[in-house]
Amino acid sequence: SWRDFTSLKLEPPLVLLPGKTYGLYVHSADQGDDGVVYDNQRDEICHEDDYIRVFPGLAHLSPDPFGADGPWWGSPWRRRRAFVGKLSYGARYVLWRPVPAAHTRFDPTFRRGVVAAFYALTMGWGGLPTDCVLYILHLARYDWFEPPESETQETLPPPPPSPATAHRLLASQQQRYANDYSRFDNIRDSDDSSDSSDDDFHLATMT
């Protein structure tokens, strides 16, 4: 219908990996071009937000999946067509962990912030326990160490006096926690068995 959307749930949900391009083929056995509603392409990118980008595609008018015969003359494929409807999806953020495979996935600003925070929070007689600091950093947002737009480099606090020391201390903890996250990582999903799945995008519904 041109006015009422029909939900098309993908079971299981389609997992979209970061930086990858995927194509979806939606078929209708209806004769003609009323089965799946589409629009003419107007831009190179049909939709873009913080997580996904939707490109134009093709319309297929054959009642048979990937069929070569259309309802009229010529090819059943129509180029420069745009998606019409709504996409429902969820994004899973990467959580920092004190192992190189996870630490290097964050940008330099976050990595420097982790080292500085680890140094500042664990040094001295009043320092916090290492487990506590690692748990705080584990739950920090990916942009937690980004300075506010109103601040400049001149207003930011200076780096710790000995970042090399903090690097060594943080490195010493990586082996300790490489195979045991139970003390500070108890919120991870039970099916999250690999590093690559932490930032998968789940496309749950397409209407």
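Visitor: Which residue stands opposite D39 in β6?
Guide: Welcome! In this predicted model, D39 has a counterpart in strand β6. β2 and β6 pair in the antiparallel sense over three bridges. The residue opposite D39 is A82.

Visitor: Which strands stand at the edges of the sheet, each with a single partner strand?
Guide: The open sheet is formed by three strands in the order β2-β6-β5, with antiparallel pairing. Each edge strand has a single partner, so one side of each is left without a neighbour in the sheet. Neighbouring strands here are turned by 70 degrees against each other on average, direction ignored. The edge strands are β2 (38–40) and β5 (57–60).

Visitor: Is R81 buried or exposed?
Guide: Let's look at strand β6 (residues 77–83), where R81 is found. Leaving aside residues up to four places away in sequence, R81 touches Y38, D39, N40, Q41, P56, G57, L58 and A59. A polar atom of the R81 side chain also lies 2.7 Å from the backbone oxygen of R79. The relative accessible area of R81 is 19%, and buried means under 20%, so R81 is buried.

Visitor: Is α2 roughly parallel or antiparallel to α3?
Guide: Helix α2 (residues 108–122) and helix α3 (residues 130–138) have axes that come within 10 Å and cross at roughly 150 degrees. Angles over 145 degrees count as roughly antiparallel. Therefore α2, relative to α3, is roughly antiparallel.

Visitor: Which residues in α3 do F110, V114, A117, F118, L121 and T122 meet?
Guide: Those residues belong to α2, and the crossing of α2 and α3 is right-handed. Their partners in α3 are T130, V133, L134 and L137.

Key. Residues are numbered from 1 along each chain as its sequence is written. This is a predicted model: local features need pLDDT of at least 70, side-chain atom pairs count only at pLDDT 80 or more; totals for chains, interfaces and linings use all residues. Side-chain values use heavy atoms; hydrogens and water are left out. Helices (H or I, at least four residues) and strands (E, at least two) are DSSP runs, numbered from the N terminus. Buried means under 20% relative accessible area, exposed over 50%, partly exposed in between (1.4 Å probe, protein chains only). A polar contact is a pair of N or O atoms within 3.5 Å; within protein, one must be able to donate a hydrogen and the other to accept it, and residues adjacent in sequence count only if both atoms are side-chain atoms. Contact means heavy atoms within 4.5 Å. Two strands pair if DSSP finds at least two bridges between them. Axes are lines fitted to C-alpha atoms, for helices over the stretch in contact, and angles run from 0 to 180 degrees between N-to-C directions. Angles under 35 degrees count as roughly parallel, over 145 as roughly antiparallel, 65 to 115 as roughly perpendicular and the rest as oblique. A crossing is left-handed if the near helix is turned anticlockwise from the far one by less than a right angle, and right-handed if clockwise.
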